[in-house]
Amino acid sequence: MTCVRLSTLIACIITGHVLCIKLLVSPDYILGGTELALNCSLDNNFSDPWVTFHKDATLIGFIRNCSENGMTSCSLTTKCHCDLNTSTYIWNYTPSSENVIDATFNCTMGNSQSDRITVKKAELSGITISPAIPVFRVTENATVHNFTCTALCWPECSFKWTGPNNFINNDDKLRLSNIKKSSSGKYQCQATNVVGTNYSNFMEIKVQHSPNNISLFPSITYYTKEEGDSLNVTCSALCEPACNFEWTYPNNTKHNSSILQIESLQRTNDGKYTCRAFNYFGHKTSALTVTINFGPREILLSPSNSNYSKKEGDSLGSIMCTADCNPACRFEWTYPDGTKRNGASLVLSYLQKNHDGIYKCKGFNDVGYKEKIVTVTVDYDPGNSIFFSPSSTSYTKLEGESLWNITCSADCKPSCTFEWTYQDGTKYPGSTLMIGRLNRTQDGVYKCKGYNLIGYSEKTITVTVNYPPESIRLSPTNSPFIVREYTTVRVICTADCRPTCSYQWTGQNTWSSANKDLTLTSIRRTSTDTYTCRARNIINPSYRYAEASVSIIVHTLPTKITKLTLDCTGSSTVSIAWIPDLTVLPTQNYTIHYRTNSKSGQTRGVSNSTNQQNIYLIHIENLTPLTNYMFKISSGNYLGRAESEEVSCKTFASEAVDSQVNGALIGGISLIILALLVFAVIITLMLLYRFGDTHSQSCIHKCFTKILRSSKGKEGIYENTQPTSEYSNPGFDGSEGKIDSNVAAKDNCENAYEPLQRGKQNTTLPLPVVKPADLRKPLNPQYVNIDGMTKKTNPEEKIALRPIVKPKPKRNT
């Protein structure tokens, strides 16, 4: 740092200002292309200074108008910037890469200037090793530490030594402790700074040692030669100092040379040759083996017999093949079928017919070979050699067609005799099967037997005689077949036919199932029908079939009454009308349950005679006037029972006798009209249900509901609930199968009604007891009596539909 001149200082003091400037340059060397930062700072604030920067007294830049937000003079360049808070002004200077020399920098402000700072150029040169010894010899386990690397550097250099076997030493001195033979090699020093890296000359270190890594060229240690061949091998080794060499021959003679050379090898040259390399520090040896080869002169057999005659199954024993060879011969036996097996022994413990023929023993080595022949004759039975002409072993014919002659042959030694066994067990000598025109009794297996003195063998053909299906049968056989709804029905269909028949069940118009078994899982009441099984097979050129049928009738659980109509027609009478579910088999019986709010209940059975052309109309009498009654109806058959929802009705007061009579008359007429309308709808519903589709059935239900509601005087006294397709399923395990779990009971509440005896009008009807024998009886057809209706009015219906009119009670005055 340099302060201002005395005159300037005095002027500053007079004016109240003292200015001192300091310059810092980074980095402290000049290198072409490397940027230098000239950092000029003041010891106190100075408003709007003009700072200039100089190199070797030449202006290289200036900064003026510095403010807190930057300076105007540097707004268009990145070479400078300033910080007004710290009074720091920086100019970035980049020297060119040409003619780089030392440079002197300073900065000024007004009449004041900083110290002059000289920056030296970066340099790297003159790398040397001292002492300068090109080759340095040293013994094993010694230490090398007196070699130093120097260089002319600015800034300072870092040094590194490199050598053999990836040797690295990061220092200017080379240090090798406990030196080994592997340390021999060339070493080099390298110096590095910002300029780059420079390398010294190589210095070689030779570690003196005994012979190492002795080797032969060629590197082969085992030679196989023939007489007259030549041999030329060179021995070498790593030694310091250089080694002498000596070869020792198999007869222990020695030859001072590194080369083993023999122009014409003889049988006596066979053996081991050893090379010895040695110097002052020790010796080492390497050896090779030379073998003089010759091929076999003759093949010998043991036993010496070369012809054998045997039967199939006999043992040939072992035949040994030997020969005089050098190197030792390898042996190979060639079998009659051409297969080859290595080894000197031929072993045939269990002779077969394919062992018959000529066996050849071959003895060989790399020089030559010889062969010897052995003949083996094997007598054998036909074994698996029987074949047919034509070759087919399976024939499929139609009844009435002909089977042409089939000839049987075999490979036998000696020749075979033949015999045919027919499917019925009869035997015919000769090699030809002659059948001619076929019938179904000739279906079966025919066997050809071929034999000689050694043994026999057999082979079969299969003759299949096809015919169309006959005698179709169903199991179980009972028809009609009565089952319970939601159980599984299985009927098995079988027929006599060849080839095997395919089966198809049909029923319910378009329904079909291509299966031998008719299986209806979770059967529904709509599945009641006649099902036909058809069996067929394909026999050219006709397409025939047979069929049988079974009737399946589905018995169902009772259903809950959903169309229940209730009318209080007087002070002591209530009329009840409903439509039964005609799809339930066997026919349901009905019981009426009624009670007051006090929960005490009564029941009344409904006999079949009450059924007025499938519309039930019941009058309940002797009720208490001006009392609210709750009514419901239970449906039942031998499979279970179901209950309707409760419907309420309040009887009239006893004082209004005239009104009661008129009301009873009007109610009776209303119920008659309602019954006639419902009867007409039932006729339509039954016809469309039988012949119509699902859309028609849905429409019938909607129309039926509208008719019932339009017939009511007041909607409140009638209850029209769910369609008849939804019914209660109490559930049971019948003898025909299990009910599906998806069909759950809708009304499982306990019966709150106690059967009470009230006069002879109300009775409790038990559910019918059905015996197993009843399931086989014809069904009671009364549930379909709508189809048999006539236009004439049933006298019983008139009586049932006639409203009950009581005589007017006498009034007390």
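Tutor: A search of the whole structure finds 12 disulfides, a disulfide being a pair of cysteine sulfur atoms within 2.5 Å. This is a predicted model, in which local features need pLDDT of at least 70 and side-chain atom pairs count only at pLDDT 80 or more, while totals for chains, interfaces and linings use all residues. Residues are numbered from 1 along each chain as its sequence is written, and side-chain values use heavy atoms, with hydrogens and water left out.

One of the disulfides joins Cys 321 to Cys 361, with 2.0 Å from S to S. The torsion about their S-S bond is about -100°, and the disulfide is therefore left-handed. Cys 321 belongs to strand β32 (residues 317-323) and Cys 361 to strand β36 (residues 357-364), so this pair ties together parts that are 40 residues apart in sequence; strands here are DSSP runs (E, at least two residues), numbered from the N terminus. Both ends are buried, a word that stands for under 20% relative accessible area, with exposed meaning over 50% and partly exposed in between, for a 1.4 Å probe and protein chains only. The value for Cys 321 is 1%, and that for Cys 361 is 0%.

Another disulfide is formed by Cys 239 and Cys 243, whose sulfur atoms are 1.9 Å apart. Because the torsion about the S-S bond is about -100°, the link of Cys 239 and Cys 243 is left-handed. Cys 239 counts as buried at 14% relative accessibility, and Cys 243 is buried as well, with a relative accessible area of 12%.

A further disulfide connects Cys 153 with Cys 157, the S to S distance being 2.0 Å. With -105° about the S-S bond, the link of Cys 153 and Cys 157 is left-handed. Cys 157 is buried, at a relative accessible area of 17%.

Lys 120 lies over the face of Trp 154, at 5.1 Å from the ring centre.

Notes: A charge sits over a ring if NZ of Lys or CZ of Arg is within 6 Å of the ring centre and within 35 degrees of the ring normal. Helices (H or I, at least four residues) and strands (E, at least two) are DSSP runs, numbered from the N terminus.
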